[in-house]
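Please open the model in your viewer and keep the selection panel at hand. The tour moves from one selection to the next.

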Amino acid sequence: MSISENIHKIKAQIPPQVKLIAVSKTKPNSSVLEAYNSGHKVFGENKVQDLILKQKDLPKDIEWHFIGHLQRNKVKNIAPFVSLIHAVDSLRLLSKINEEALKNDRIINCLMQMHIADESSKFGLHINELKEILSSEEYLSMKGIKIKGLMGMATYTENREQIKQEFDSLRNSFQEIKNEFFKNSDDFKDISMGMSGDFDIAIESGSSMVRIGSIIFGER
Ligand SMILES: *Cc1c(COP(=O)(O)O)cnc(C)c1O
């Protein structure tokens, strides 16, 4: 099947309010263009260098999402154009994004990455760490970022029950954080969870954004 047929098929399996991020990492510009020409305009990359090269060469109305681990010294390279940064996991990174957003006269949308997988994964915040960030003077004074929700990655396992529990725990954290910190704000609304192998489970658990690569573009 072609890239556009794959996208079509996935869109038919997800509710209309769930956003599809086509993860084009390691794939050539021609693959992105094939998806673009069939009408899809939202793409995700996980390496800064690849993202800036693609952004430079591809159509300017593409909405680029950064989905990988972001180093502070590279924020400046994507700050002028990035649409959403999915995996912010510290106050220091948030502060750098804020600084670069202000230099570019914009507000950068961010998701906070939560640790939901088992101990084999070291990325992401625990809920108490996130609460500490959201309570800090430094965060409260930031004018260049908007926290739109949470992101998480489940354990890489065949055990679908475990994956379900991990996604449910992310949804529960989202509710708790929303009630405690964003009660009167419509900004905090997204849960980015679900990839090629587990997006159906993520949607059952309340995902609003799925990040899908290999079942669109082929194995990497
Ligand atoms: C690569 C990647 C994806 C997509 O993975 P697939 O299994 O190819 O769908 C999603 N999220 C993140 C953070 C990734 O790095």
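In the class counts below, Ala, Val, Leu, Ile, Met, Phe, Trp, Tyr, Cys and Pro count as nonpolar, Asp, Glu, Lys and Arg as charged, and the others, Gly among them, as polar. The model is predicted, with local features needing pLDDT of at least 70 and side-chain atom pairs pLDDT 80 or more, while totals for chains, interfaces and linings use all residues. Residues are numbered from 1 along each chain as its sequence is written, and side-chain values use heavy atoms, without hydrogens or water.

Select first residues 160–181, helix H8, which has 22 residues and reaches 31 Å from its first C-alpha to its last, close to the 32 Å expected at 1.5 Å a residue.

Now select Met153, Ala154, Tyr156, Met195 and Asp198, which lie nearest the centre of the largest pocket, among its 33 lining residues. That lining has 15 nonpolar, twelve polar and six charged residues.

Finally, select the lining of the second largest pocket, including Ile107, Tyr139, Phe181 and Asp187; by class it has eight nonpolar, one polar and three charged residues, and S6 gives the most to it, with three residues.

Key: Helices (H or I, at least four residues) and strands (E, at least two) are DSSP runs, numbered from the N terminus. The expected span of a helix is 1.5 Å times one less than its number of residues. On a 1 Å grid over the protein atoms alone, a cavity is a set of points where a 1.4 Å probe fits but cannot get out, and a pocket is an open set with protein on both sides within 12 Å along at least five of seven lines; lining residues have an atom within 4 Å of a point.
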